[in-house]
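Subject: Handover of a structure

Dear colleague,

Please find below the structure that I am handing over to you, followed by an account of what was found in it.

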Amino acid sequence: MSRRLPSFTVAPRATRYLPWIAAALVLSATPASAQLGRLKKLGADLAKDAAKEKLDPKKETPSKPTESSASSSASSRNTDLVLNEDRVALVVASLQPMLADATARRELRTVTAQHEEKSKASRACLETAQMKASANPMAIAQNSQKNEAQIEKLTKDVERLSEKMSAAVNANDVRTRVYVTDSLTVMQVRMSMAVLGSNCPVYYTPAPILDAQIKSQSRTVVSEDMDEGTFDPPAAAKENLSRYQFGLLRERIAIWALKQDDPTFKAGKLGIFTPEEEAALQANAADIRKLAPLFKDGSLRWSTWGDLSQWK
């Protein structure tokens, strides 16, 4: 037989679950880094590159350049960014190893948006249940008594998970800690719903979102760009292009890809292509088209250059 609790002990016990009902289903998601409009950072990177080139002892820089040599240097600087068929193919091929991570970032945003939509409905349902409970305090006592067995089971689940959480923290087990935290949240929200007498849906956080949290919390250096410094272009790219060239050529290819979907897309001088460059890009259009959606939503890095920090 179920043990019936006196009414004066039920209400205090029930109300201890209420304060965090509103916050329990607020599942944060790391926003994608905005790729457009960050050319200031790009400019800073270029300035750093220019400074490094000046300090590089391997570079032979005449102390007093003549007018002809200065003109030649300026001309070389301009042609550095010309897109020909070989360069386009080289840059596009170099980006292939990034596709898996870029696709995962894109899928993460989709899963996050879907989960947030479901969570909004849950929060609305819980808020309604909480308002009803506030209007009839005795209902909390009645629901706690009615759902005593469920509350007791959930209490034991919470205690068990709390012990697992403590062990994970002591062992610095980030993965277990993140997953157990999500399970604890769900268990405690369900306990609150039992007290409120509601039947609102509550959802576990999808694995891709939790895995992204694990990746972020496992990093020793916090960065806005979780993939900063992880991309090391293949030898062929480094042998034929400088970091400056690769970054700007990649950016120009991305701009061209974006302009195919939106001809009004503005990107200054970098977005102006000669007939010869158009031909080179069209020759590689099939491969560029596969990258276009990832350029468009920022999943495939192209304007921040943080991923090129390993390029020495």
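Predicted model: local features only at pLDDT ≥ 70, side-chain atom pairs only at ≥ 80, totals over all residues.

For the protein as a whole the average pLDDT is 75, and 71% of the residues score at least 70.

As to the overall architecture, the protein contains 14 helices and zero strands. Of its 312 residues, 39% are buried. The accessible surface amounts to about 18,200 Å², and carbon and sulfur atoms account for 56% of it.

The interior deserves a separate paragraph. In soluble globular proteins, nonpolar side chains tend to be buried together. Here the largest nonpolar core has 37 residues, and Phe 246 and Phe 295 are those with the most contacts inside it. Two or more residues of this core come from each of α5 (85–95), α12 (243–261), α13 and α14 (285–296). Helix α12 gives the largest share, 10 residues. Beyond its neighbours within four places in sequence, Phe 246 touches a set of residues that includes Val 91, Leu 95, Phe 231, Leu 241, Leu 308 and Trp 311. Another core lies apart from this one; it has 21 residues, among them Leu 126, Val 180, Leu 184 and Met 187.

Finally, I turn to the cysteines. The structure holds one disulfide, formed by Cys 125 and Cys 200, whose sulfur atoms are 2.0 Å apart. Distant parts of the chain are linked by this pair: Cys 125 belongs to helix α6 (residues 99–135), while Cys 200 sits in the loop between α9 (174–196) and α10 (207–218), 75 residues apart. The torsion about the S-S bond of Cys 125 and Cys 200 is about -80°, and the disulfide is therefore left-handed. Are its two cysteines buried or exposed? Cys 200 has a relative accessible area of 5%, under the 20% limit, so this residue is buried. Cys 125, with a relative accessible area of 30%, falls between 20% and 50% and is therefore partly exposed.

Yours sincerely

Definitions and conventions
Residues numbered from 1 in each chain as written. Heavy atoms only, no water. pLDDT = per-residue confidence, 0-100. Disulfide = S-S within 2.5 Å. Helix = DSSP H or I, 4+ residues; strand = E, 2+ residues; numbered from the N terminus. Buried < 20%, exposed > 50% of the residue type's maximum accessible area, 1.4 Å probe, protein only. Core = buried A, V, L, I, M, F, W, Y, C linked by side-chain atoms within 4.5 Å. Contact = heavy atoms within 4.5 Å. Areas by Shrake-Rupley, 256 points an atom, 1.4 Å probe, with all protein chains shown as cover.
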